[in-house]
Amino acid sequence: MLKAGRIRALGAMSGTSLDGVDAAMIETDGELIHGFGPVGYRPYSDTERAVLRRALGQWAGPEVEAAARVVEDAHAELLRGFDGVALVGFHGQTLAHEPRGRGTHQAGDGARLAEILGLPVVWDFRSADVRFGGEGAPLAPFYHFACAKWIGAEAPLAFLNLGGVGNLTWVDPRCARPEEEGALLAFDTGPANAPINDLVQARLGAECDRDGALARRGSVAQGALEMFLDEPWFLRMPPKSLDRDAFAAMVALVGELPDADAAATLTAMAVSAVMRGMEHCPVPPARVLVTGGGRKNPVMMEMLRASLDCPVVPVEEAGLDGDMLEAQAFAHLAVRVARGLPTSCPGTTGVRAAVSGGTLSRAEGGADGLRA
(Lines give C-alpha, C1' and ligand atoms only; values in the text may rest on other atoms or scores of the structure.)
Protein backbone atom coordinates (compact mmCIF):
# COMPACT_ATOMS: atom_id res chain seq x y z
CA MET A 1 0.00 0.00 0.00
CA LEU A 2 1.26 3.48 -0.88
CA LYS A 3 2.34 5.55 2.13
CA ALA A 4 1.16 9.10 2.67
CA GLY A 5 2.99 11.67 0.58
CA ARG A 6 2.58 13.78 -2.51
CA ILE A 7 2.92 12.11 -5.87
CA ARG A 8 2.36 13.22 -9.45
CA ALA A 9 -0.63 11.33 -10.78
CA LEU A 10 -2.09 11.40 -14.28
CA GLY A 11 -5.83 10.93 -14.72
CA ALA A 12 -7.78 10.22 -17.89
CA MET A 13 -11.47 10.46 -18.64
CA SER A 14 -13.56 9.57 -21.67
CA GLY A 15 -17.09 10.79 -20.99
CA THR A 16 -20.55 9.86 -22.16
CA SER A 17 -20.55 12.68 -24.69
CA LEU A 18 -18.06 10.56 -26.72
CA ASP A 19 -16.02 13.58 -27.77
CA GLY A 20 -12.59 12.31 -26.83
CA VAL A 21 -10.08 11.64 -24.05
CA ASP A 22 -9.08 14.25 -21.45
CA ALA A 23 -5.85 13.81 -19.48
CA ALA A 24 -4.53 15.89 -16.59
CA MET A 25 -1.76 15.67 -14.03
CA ILE A 26 -2.08 16.78 -10.43
CA GLU A 27 0.12 16.57 -7.37
CA THR A 28 -1.81 15.06 -4.49
CA ASP A 29 -1.55 12.82 -1.45
CA GLY A 30 -5.08 11.58 -2.12
CA GLU A 31 -6.51 13.94 0.49
CA LEU A 32 -5.40 17.44 -0.45
CA ILE A 33 -4.53 18.94 -3.82
CA HIS A 34 -0.98 20.30 -3.77
CA GLY A 35 -0.72 21.50 -7.35
CA PHE A 36 -1.84 21.12 -10.94
CA GLY A 37 0.22 19.93 -13.89
CA PRO A 38 0.00 19.61 -17.66
CA VAL A 39 -3.21 18.68 -19.44
CA GLY A 40 -4.00 17.16 -22.82
CA TYR A 41 -6.89 16.21 -25.07
CA ARG A 42 -7.20 13.64 -27.82
CA PRO A 43 -10.47 13.81 -29.82
CA TYR A 44 -12.08 10.70 -31.19
CA SER A 45 -12.34 10.58 -34.96
CA ASP A 46 -15.73 10.14 -36.59
CA THR A 47 -14.83 6.51 -37.27
CA GLU A 48 -13.81 5.88 -33.65
CA ARG A 49 -16.93 7.61 -32.37
CA ALA A 50 -19.07 5.38 -34.58
CA VAL A 51 -17.38 2.30 -33.10
CA LEU A 52 -18.12 3.52 -29.59
CA ARG A 53 -21.75 4.33 -30.42
CA ARG A 54 -22.31 0.81 -31.75
CA ALA A 55 -21.13 -0.61 -28.43
CA LEU A 56 -23.31 1.57 -26.18
CA GLY A 57 -25.64 -0.49 -24.03
CA GLN A 58 -23.75 -3.73 -24.69
CA TRP A 59 -21.82 -5.89 -22.25
CA ALA A 60 -19.94 -8.32 -24.52
CA GLY A 61 -19.37 -9.21 -28.14
CA PRO A 62 -17.35 -7.98 -31.13
CA GLU A 63 -18.65 -4.40 -30.87
CA VAL A 64 -17.52 -4.20 -27.24
CA GLU A 65 -14.10 -5.63 -28.08
CA ALA A 66 -13.69 -3.10 -30.88
CA ALA A 67 -14.72 -0.26 -28.58
CA ALA A 68 -12.26 -1.37 -25.91
CA ARG A 69 -9.41 -1.33 -28.39
CA VAL A 70 -10.35 2.17 -29.57
CA VAL A 71 -10.41 3.38 -25.96
CA GLU A 72 -7.10 1.74 -25.03
CA ASP A 73 -5.25 2.93 -28.13
CA ALA A 74 -6.57 6.49 -27.87
CA HIS A 75 -5.55 6.68 -24.20
CA ALA A 76 -2.10 5.21 -24.89
CA GLU A 77 -1.50 7.73 -27.67
CA LEU A 78 -2.34 10.65 -25.39
CA LEU A 79 -0.89 9.49 -22.07
CA ARG A 80 2.53 8.47 -23.35
CA GLY A 81 3.17 12.16 -24.05
CA PHE A 82 3.36 13.03 -20.32
CA ASP A 83 6.61 12.96 -18.30
CA GLY A 84 7.26 12.48 -14.61
CA VAL A 85 4.18 10.35 -13.96
CA ALA A 86 4.17 8.05 -10.92
CA LEU A 87 0.63 6.67 -11.23
CA VAL A 88 -2.18 6.68 -13.81
CA GLY A 89 -5.92 6.74 -13.12
CA PHE A 90 -7.79 5.22 -16.08
CA HIS A 91 -11.59 5.44 -16.07
CA GLY A 92 -12.32 3.84 -19.44
CA GLN A 93 -15.44 4.40 -21.52
CA THR A 94 -18.81 3.66 -19.91
CA LEU A 95 -20.86 1.50 -22.27
CA ALA A 96 -23.60 0.36 -19.89
CA HIS A 97 -24.64 1.23 -16.35
CA GLU A 98 -27.21 -0.84 -14.45
CA PRO A 99 -26.28 -0.63 -10.75
CA ARG A 100 -29.49 -2.41 -9.74
CA GLY A 101 -29.12 -4.98 -12.50
CA ARG A 102 -26.02 -6.24 -14.27
CA GLY A 103 -23.71 -3.70 -12.69
CA THR A 104 -21.58 -1.21 -14.55
CA HIS A 105 -19.33 -1.62 -17.58
CA GLN A 106 -16.38 0.58 -18.56
CA ALA A 107 -14.58 -0.51 -21.73
CA GLY A 108 -10.81 -0.62 -21.60
CA ASP A 109 -8.23 -2.91 -19.99
CA GLY A 110 -6.06 -1.07 -17.47
CA ALA A 111 -3.60 -3.95 -17.32
CA ARG A 112 -2.93 -3.63 -21.06
CA LEU A 113 -2.54 0.14 -20.69
CA ALA A 114 -0.05 -0.39 -17.85
CA GLU A 115 2.07 -2.58 -20.12
CA ILE A 116 1.90 -0.08 -22.99
CA LEU A 117 2.87 2.86 -20.77
CA GLY A 118 5.25 1.01 -18.46
CA LEU A 119 3.49 2.61 -15.50
CA PRO A 120 1.16 1.47 -12.69
CA VAL A 121 -2.47 2.04 -13.62
CA VAL A 122 -5.53 2.15 -11.35
CA TRP A 123 -8.73 1.24 -13.16
CA ASP A 124 -12.16 -0.42 -12.74
CA PHE A 125 -13.08 2.20 -10.16
CA ARG A 126 -16.81 1.44 -9.99
CA SER A 127 -17.23 -2.33 -9.59
CA ALA A 128 -16.40 -2.58 -5.88
CA ASP A 129 -18.92 0.13 -5.03
CA VAL A 130 -21.65 -1.73 -6.92
CA ARG A 131 -20.75 -5.02 -5.21
CA PHE A 132 -21.31 -3.36 -1.84
CA GLY A 133 -24.72 -1.99 -2.75
CA GLY A 134 -23.73 1.34 -4.29
CA GLU A 135 -24.76 2.93 -7.57
CA GLY A 136 -21.14 3.02 -8.75
CA ALA A 137 -21.62 6.68 -9.67
CA PRO A 138 -20.95 9.51 -9.42
CA LEU A 139 -17.32 9.08 -8.34
CA ALA A 140 -15.97 12.62 -8.74
CA PRO A 141 -17.46 13.90 -5.41
CA PHE A 142 -14.42 12.93 -3.33
CA TYR A 143 -12.34 15.09 -5.65
CA HIS A 144 -14.94 17.87 -5.49
CA PHE A 145 -14.44 17.83 -1.72
CA ALA A 146 -10.69 18.31 -2.23
CA CYS A 147 -11.43 21.12 -4.71
CA ALA A 148 -13.64 22.87 -2.15
CA LYS A 149 -10.72 22.76 0.29
CA TRP A 150 -8.31 24.00 -2.41
CA ILE A 151 -10.40 27.08 -3.23
CA GLY A 152 -10.92 27.88 0.45
CA ALA A 153 -14.70 27.47 0.47
CA GLU A 154 -16.22 28.13 3.88
CA ALA A 155 -19.93 27.51 3.19
CA PRO A 156 -21.74 24.63 1.48
CA LEU A 157 -21.53 24.80 -2.30
CA ALA A 158 -22.42 22.62 -5.26
CA PHE A 159 -20.46 21.31 -8.22
CA LEU A 160 -22.69 20.71 -11.23
CA ASN A 161 -21.20 18.58 -14.00
CA LEU A 162 -23.11 18.94 -17.27
CA GLY A 163 -21.60 16.27 -19.49
CA GLY A 164 -23.59 13.64 -21.35
CA VAL A 165 -25.44 13.06 -18.06
CA GLY A 166 -25.81 15.76 -15.41
CA ASN A 167 -24.63 15.16 -11.88
CA LEU A 168 -24.62 17.30 -8.76
CA THR A 169 -22.28 17.23 -5.77
CA TRP A 170 -23.29 19.17 -2.66
CA VAL A 171 -20.22 19.77 -0.47
CA ASP A 172 -19.90 20.96 3.11
CA PRO A 173 -16.25 22.09 3.29
CA ARG A 174 -16.47 22.51 7.05
CA CYS A 175 -16.18 18.74 7.40
CA ALA A 176 -12.73 17.21 7.84
CA ARG A 177 -13.02 14.24 5.45
CA PRO A 178 -15.21 13.44 2.44
CA GLU A 179 -16.50 10.19 3.96
CA GLU A 180 -17.64 12.01 7.10
CA GLU A 181 -21.42 11.99 7.56
CA GLY A 182 -22.91 15.16 6.11
CA ALA A 183 -19.83 16.11 4.09
CA LEU A 184 -21.21 15.11 0.70
CA LEU A 185 -24.43 14.39 -1.15
CA ALA A 186 -24.11 13.42 -4.81
CA PHE A 187 -26.36 12.07 -7.54
CA ASP A 188 -27.14 12.22 -11.23
CA THR A 189 -29.71 14.90 -11.94
CA GLY A 190 -30.80 13.53 -15.31
CA PRO A 191 -29.79 13.75 -18.95
CA ALA A 192 -27.73 16.76 -19.98
CA ASN A 193 -25.84 17.05 -23.26
CA ALA A 194 -26.17 13.47 -24.57
CA PRO A 195 -29.74 13.87 -25.97
CA ILE A 196 -28.87 17.25 -27.49
CA ASN A 197 -25.73 15.82 -29.09
CA ASP A 198 -27.64 12.82 -30.42
CA LEU A 199 -30.34 15.07 -31.86
CA VAL A 200 -28.02 17.38 -33.77
CA GLN A 201 -25.87 14.47 -34.90
CA ALA A 202 -28.87 12.60 -36.29
CA ARG A 203 -30.56 15.62 -37.89
CA LEU A 204 -27.68 17.88 -38.87
CA GLY A 205 -24.55 15.73 -38.76
CA ALA A 206 -23.01 18.01 -36.13
CA GLU A 207 -21.25 16.97 -32.92
CA CYS A 208 -23.16 19.33 -30.63
CA ASP A 209 -25.29 22.47 -30.49
CA ARG A 210 -22.23 24.72 -30.38
CA ASP A 211 -22.77 27.81 -28.22
CA GLY A 212 -26.45 26.85 -27.98
CA ALA A 213 -26.99 28.55 -31.33
CA LEU A 214 -29.72 26.14 -32.46
CA ALA A 215 -31.59 26.21 -29.13
CA ARG A 216 -31.50 30.00 -29.04
CA ARG A 217 -33.55 30.15 -32.24
CA GLY A 218 -36.21 27.80 -30.88
CA SER A 219 -39.06 27.76 -28.39
CA VAL A 220 -39.57 25.29 -25.54
CA ALA A 221 -42.47 22.87 -26.00
CA GLN A 222 -44.04 23.05 -22.56
CA GLY A 223 -46.14 19.91 -23.02
CA ALA A 224 -43.06 17.80 -23.77
CA LEU A 225 -41.22 19.36 -20.82
CA GLU A 226 -44.08 18.53 -18.44
CA MET A 227 -44.20 14.93 -19.67
CA PHE A 228 -40.46 14.64 -19.11
CA LEU A 229 -40.76 15.87 -15.52
CA ASP A 230 -43.47 13.27 -14.83
CA GLU A 231 -40.79 10.54 -15.00
CA PRO A 232 -40.63 8.52 -11.73
CA TRP A 233 -36.87 9.17 -11.68
CA PHE A 234 -37.45 12.62 -10.23
CA LEU A 235 -39.31 11.19 -7.23
CA ARG A 236 -36.41 8.88 -6.29
CA MET A 237 -34.34 10.03 -3.36
CA PRO A 238 -30.59 10.29 -3.91
CA PRO A 239 -28.00 8.90 -4.19
CA LYS A 240 -28.99 7.70 -7.67
CA SER A 241 -27.33 7.32 -11.05
CA LEU A 242 -28.26 6.97 -14.70
CA ASP A 243 -27.09 5.23 -17.82
CA ARG A 244 -26.32 7.59 -20.71
CA ASP A 245 -29.42 6.49 -22.63
CA ALA A 246 -31.79 5.98 -19.69
CA PHE A 247 -33.92 8.86 -20.93
CA ALA A 248 -33.88 7.90 -24.60
CA ALA A 249 -37.65 8.41 -24.72
CA MET A 250 -37.19 12.14 -24.17
CA VAL A 251 -35.82 12.43 -27.70
CA ALA A 252 -39.07 10.87 -28.91
CA LEU A 253 -40.97 13.62 -27.08
CA VAL A 254 -39.39 16.18 -29.41
CA GLY A 255 -39.39 13.96 -32.49
CA GLU A 256 -42.03 15.97 -34.33
CA LEU A 257 -40.63 19.39 -33.45
CA PRO A 258 -38.55 21.55 -35.77
CA ASP A 259 -34.80 21.36 -35.14
CA ALA A 260 -34.51 24.60 -33.14
CA ASP A 261 -37.57 23.90 -30.98
CA ALA A 262 -36.35 20.36 -30.32
CA ALA A 263 -32.92 21.64 -29.21
CA ALA A 264 -34.48 24.34 -27.01
CA THR A 265 -36.78 21.79 -25.38
CA LEU A 266 -34.00 19.28 -24.70
CA THR A 267 -31.90 22.07 -23.19
CA ALA A 268 -34.81 23.08 -20.95
CA MET A 269 -35.23 19.45 -19.90
CA ALA A 270 -31.61 19.28 -18.77
CA VAL A 271 -32.01 22.47 -16.75
CA SER A 272 -35.35 21.39 -15.25
CA ALA A 273 -33.72 18.14 -14.11
CA VAL A 274 -31.11 20.19 -12.25
CA MET A 275 -33.84 22.32 -10.65
CA ARG A 276 -35.57 19.20 -9.36
CA GLY A 277 -32.26 17.85 -8.12
CA MET A 278 -31.48 20.99 -6.14
CA GLU A 279 -34.51 20.25 -3.96
CA HIS A 280 -32.52 17.41 -2.40
CA CYS A 281 -29.66 19.58 -1.12
CA PRO A 282 -29.50 19.52 2.72
CA VAL A 283 -29.22 23.32 2.70
CA PRO A 284 -29.16 25.62 -0.32
CA PRO A 285 -25.63 26.00 -1.69
CA ALA A 286 -23.98 29.40 -1.54
CA ARG A 287 -23.06 29.00 -5.21
CA VAL A 288 -23.08 26.47 -8.01
CA LEU A 289 -19.84 25.84 -9.88
CA VAL A 290 -20.54 24.38 -13.32
CA THR A 291 -18.18 22.00 -15.06
CA GLY A 292 -18.47 19.89 -18.21
CA GLY A 293 -19.45 20.93 -21.71
CA GLY A 294 -22.75 22.44 -20.60
CA ARG A 295 -21.01 25.45 -19.09
CA LYS A 296 -19.99 26.46 -22.62
CA ASN A 297 -23.61 26.53 -23.78
CA PRO A 298 -24.80 30.11 -23.10
CA VAL A 299 -28.46 29.15 -23.46
CA MET A 300 -28.16 26.37 -20.88
CA MET A 301 -26.29 28.66 -18.47
CA GLU A 302 -28.86 31.45 -18.91
CA MET A 303 -31.66 29.02 -18.14
CA LEU A 304 -29.84 27.81 -15.03
CA ARG A 305 -29.24 31.34 -13.73
CA ALA A 306 -32.89 32.20 -14.27
CA SER A 307 -34.02 29.05 -12.45
CA LEU A 308 -31.73 28.88 -9.38
CA ASP A 309 -31.64 31.20 -6.36
CA CYS A 310 -27.86 31.39 -6.04
CA PRO A 311 -24.91 32.41 -8.21
CA VAL A 312 -24.28 29.95 -11.07
CA VAL A 313 -20.80 30.29 -12.57
CA PRO A 314 -18.29 28.21 -14.52
CA VAL A 315 -15.71 26.56 -12.25
CA GLU A 316 -13.04 28.72 -13.89
CA GLU A 317 -14.30 31.63 -11.79
CA ALA A 318 -13.11 29.66 -8.75
CA GLY A 319 -9.71 28.98 -10.33
CA LEU A 320 -10.45 25.43 -11.53
CA ASP A 321 -10.33 23.84 -14.99
CA GLY A 322 -13.79 22.79 -16.09
CA ASP A 323 -12.49 20.86 -19.08
CA MET A 324 -10.17 18.72 -16.99
CA LEU A 325 -11.91 18.38 -13.64
CA GLU A 326 -13.01 14.78 -14.23
CA ALA A 327 -9.61 13.70 -15.53
CA GLN A 328 -8.05 15.30 -12.46
CA ALA A 329 -10.60 13.48 -10.32
CA PHE A 330 -9.40 10.08 -11.50
CA ALA A 331 -5.79 11.04 -10.85
CA HIS A 332 -6.81 11.96 -7.30
CA LEU A 333 -8.89 8.80 -6.88
CA ALA A 334 -6.03 6.65 -8.19
CA VAL A 335 -3.84 7.90 -5.35
CA ARG A 336 -6.62 7.21 -2.85
CA VAL A 337 -6.91 3.64 -4.16
CA ALA A 338 -3.14 3.15 -3.92
CA ARG A 339 -3.28 4.39 -0.32
CA GLY A 340 -6.34 2.29 0.56
CA LEU A 341 -8.49 5.37 1.20
CA PRO A 342 -12.23 5.40 0.44
CA THR A 343 -13.37 6.60 -2.98
CA SER A 344 -17.13 6.54 -2.31
CA CYS A 345 -19.47 6.54 0.67
CA PRO A 346 -23.20 6.31 1.46
CA GLY A 347 -23.76 9.99 0.66
CA THR A 348 -22.25 9.77 -2.82
CA THR A 349 -23.34 6.42 -4.25
CA GLY A 350 -25.56 4.82 -1.60
CA VAL A 351 -22.94 2.16 -0.87
CA ARG A 352 -23.45 0.52 2.53
CA ALA A 353 -20.20 1.92 3.96
CA ALA A 354 -17.22 3.90 2.71
CA VAL A 355 -15.32 1.76 0.21
CA SER A 356 -12.11 2.02 -1.77
CA GLY A 357 -12.79 0.85 -5.33
CA GLY A 358 -10.26 0.17 -8.05
CA THR A 359 -7.72 -2.28 -9.40
CA LEU A 360 -4.00 -1.47 -9.44
CA SER A 361 -2.12 -3.04 -12.36
CA ARG A 362 1.65 -2.78 -12.55
CA ALA A 363 3.69 -3.08 -15.73
CA GLU A 364 6.07 -6.01 -15.76
CA GLY A 365 9.53 -4.50 -15.66
CA GLY A 366 8.07 -0.99 -15.91
CA ALA A 367 9.22 2.17 -14.18
CA ASP A 368 7.18 2.14 -10.98
CA GLY A 369 7.22 5.46 -9.17
CA LEU A 370 5.14 4.25 -6.22
CA ARG A 371 6.75 3.92 -2.83
CA ALA A 372 5.86 0.68 -1.04
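Biologist: Hi! What is the strand order in the open sheet of five strands?

Modeller: Hello! This is a predicted model, and in it the order is β9-β8-β7-β10-β11, with mixed pairing.

Biologist: Which strands stand at the edges?

Modeller: Those are β9 (184-191) and β11 (312-314). Each has a single partner strand, so one side of each is left without a neighbour in the sheet.

Biologist: And what does the twist average from one strand to the next?

Modeller: The average is 25 degrees.

Biologist: In what sense do β7 and β10 pair?

Modeller: Strand β7 (residues 157-162) and strand β10 (residues 288-291) are parallel, with four bridges between them.

Biologist: Which strands does helix α10 lie across?

Modeller: Helix α10 (residues 259-278) lies across β7, β8 (165-171), β9 and β10. Relative to β9, the helix runs at about 150 degrees.

Biologist: Switching to α12: is it mostly covered or exposed?

Modeller: Mostly covered, as 14 of its 15 residues are buried. Helix α12 takes in residues 325-339 and reaches 21 Å from its first C-alpha to its last, close to the 21 Å expected at 1.5 Å a residue.

Biologist: What follows α12?

Modeller: That would be G340, and its phi is positive, near 75 degrees.

Biologist: Now for rings. How many aromatic pairs turn up in the whole structure?

Modeller: The search finds five. One of them is F125 with F330, an edge-to-face pair at 5.0 Å centre to centre, with 65 degrees between the planes.

Biologist: Where in the chain are F125 and F330?

Modeller: F125 is in the loop between β6 (121-123) and α4 (127-131), while F330 belongs to helix α12.

Biologist: Why is the F234 and F247 pair called tilted?

Modeller: Their ring planes are at 50 degrees, so the pair is tilted, and the centres are 5.9 Å apart. Both residues are in the loop between α8 (222-229) and α9 (249-253), 13 residues apart. F234 and F247 are both buried.

Biologist: Which residues do ring pairs link into a cluster?

Modeller: The cluster is made of F228, F234 and F247.

Biologist: Last one: what sits over the ring of W233?

Modeller: The charged end of K240 does, 4.5 Å from the ring's centre.

Conventions
Residues are numbered from 1 along each chain as its sequence is written. This is a predicted model: local features need pLDDT of at least 70, side-chain atom pairs count only at pLDDT 80 or more; totals for chains, interfaces and linings use all residues. Side-chain values use heavy atoms; hydrogens and water are left out. Helices (H or I, at least four residues) and strands (E, at least two) are DSSP runs, numbered from the N terminus. The expected span of a helix is 1.5 Å times one less than its number of residues. Buried means under 20% relative accessible area, exposed over 50%, partly exposed in between (1.4 Å probe, protein chains only). Two strands pair if DSSP finds at least two bridges between them. Axes are lines fitted to C-alpha atoms, for helices over the stretch in contact, and angles run from 0 to 180 degrees between N-to-C directions. Contact means heavy atoms within 4.5 Å. Rings of Phe, Tyr and Trp (its six-membered ring) pair if their centres lie within 6.5 Å; planes under 30 degrees apart count as stacked, over 60 as edge-to-face and the rest as tilted. A charge sits over a ring if NZ of Lys or CZ of Arg is within 6 Å of the ring centre and within 35 degrees of the ring normal.
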